Amino acid sequence: VDSSKHPQAGYQSHTLKAMFAREIAPSDIEQRCEDELLSSSDGEQLPKKSRRHWYMIGAVAVGVGAAAALVRAAHVAPNKGTEGNAELVTTLAAETSCSGLGSNCASTKCCKSGGKNGFQCYAKNENWAECLETCEPGVHEGEKEGTYSASGQFVPAKWSCDKLGTRGAPDPCSAPGEDCRQTRCCSAAQGGSGMTCFEKNENWASCAASCEEGDWSCKALGNRTPYAAGCGWAGKSCADTRLCCNVGFSCVVKDASWTACTQTKKKSTWASVNIPIPAGWDGTIVGGGRNEYQIQPAAEGAKVIGTSLYCFMAFLPDSYEVGLNDVAKQNKASIYACDSYDVFHSWKSAKAGWDTGEATLSNTDVFINVWDNMLNSGKFLTADWTVKVDADAVLLPDRLKSHIAGLRPPAGMPIYLKNNAMDPGLGNNGFLGAIEVFSKQAVEIYRDNKE
């Protein structure tokens, strides 16, 4: 989504959407709001015919383990001293030139640390090799490369499984449930994203999203493991992920040593224009750009995300928004009816015109600051969902909770809820800024990748 078109939706929402993937149209999961929940972001009341549709949009799994890991909704434990691991940092820095899972290691002939026994670069043929724990010569299940016989039958390519270089080091960090006293870090590949190695006592420490003092000392051993975006940003390497974070970008091979995200399509509200791959590049496209996709409801009996809400509002001092905030507070309405809340100040923003012919607030810098303040408060970690609310929008928290419960969002997924059924160009593809709803894991991914 081009943030220049609809700055009122907020820079942070576009960054979150950029880290997600694959567009899909709303279907039977769609939950219709029978009453008006939102006003437009400039306070204009919307006609009844434009009733909102709530449905879930989410991210592709961020790493192999992250999709399976459940993010706990618990308070942030006080940091009682963090011990770093200089040796680990040095080791990781030294292997940046090696290949990761899914990328071609034919030229690097080495693999980044990972797996219980480390990864080996195994050759398929002279053009392709990959980092694997083990390799059996012959045709591998799901093989898509190959040739066609004279009769038109597809003949899959066979792997030689020749070893290129030496085996990489095992995963230097611990999986959740393992004793992490020695590693002092949590493995993203094994489900430790968003977790810290917390000490129980001198005999045990384990990876967790948070820690409650009592039986545990909750001393942090090392740093929290951040969530990876799982894609490359514009102009950055995408060799490991074969996926670009930005819409309209493709993961393209330049040469044997560089594969990066370059823009191949420029989109506006009304048109889409192809952009040629830079001259002198190899030009092989190994992946596309991310877009949103619809999350299906959790299966019967499967874990779902809860409905607790942390809500926050930013209002402009010495404006009509002050009165709206006061009335909401007096009546324990809007954000004040959520499970937890925060209030922040904004500042005046200019208006800018876009290719839709409309003018909206150019307030990206305002809401970057507001979101930074919200993240620093840490309250979002205590709730299942984070809700950003405009002062002149009507939020009914109990109604929102009922919609969320009806969607049955699967646990452990980064998700945001669409909030309108307007024309995609005018409605920012179903996501305007009056009320923005994100799962806790989505906010954590934003926090770890917003720079």
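Reply:
**Salt bridges**

Arg224 and Glu444 form a salt bridge, their closest N and O atoms lying 3.3 Å apart; here a salt bridge is a side-chain nitrogen of Lys or Arg within 4 Å of a carboxyl oxygen of Asp or Glu. Because Arg224 sits in the loop between strand E10 (219-220) and strand E11 (249-255), while Glu444 belongs to helix H6 (residues 440-449), the pair ties together parts that are 220 residues apart in sequence; helices (H or I, at least four residues) and strands (E, at least two) are DSSP runs numbered from the N terminus.

This is a predicted model, in which local features need pLDDT of at least 70 and side-chain atom pairs count only at pLDDT 80 or more, whereas totals for chains, interfaces and linings use all residues. Residues are numbered from 1 along each chain as its sequence is written, and side-chain values use heavy atoms, with hydrogens and water left out.

Arg224 is partly exposed at a relative accessible area of 25%, whereas Glu444 is buried at 3% (buried is under 20% relative accessible area, exposed over 50%, partly exposed in between, with a 1.4 Å probe and protein chains only). Both residues also belong to a network of salt bridges that links Arg224, Glu444, Arg447 and Asp448.

Elsewhere, Glu451 forms a salt bridge with Lys450, with 3.0 Å between the closest N and O atoms; Glu451 is exposed at 85% relative accessibility, but Lys450 is buried at 19%. The structure holds 14 salt bridges, among them the one in which the side chains of Lys124 and Glu145 meet at 2.8 Å, N to O.
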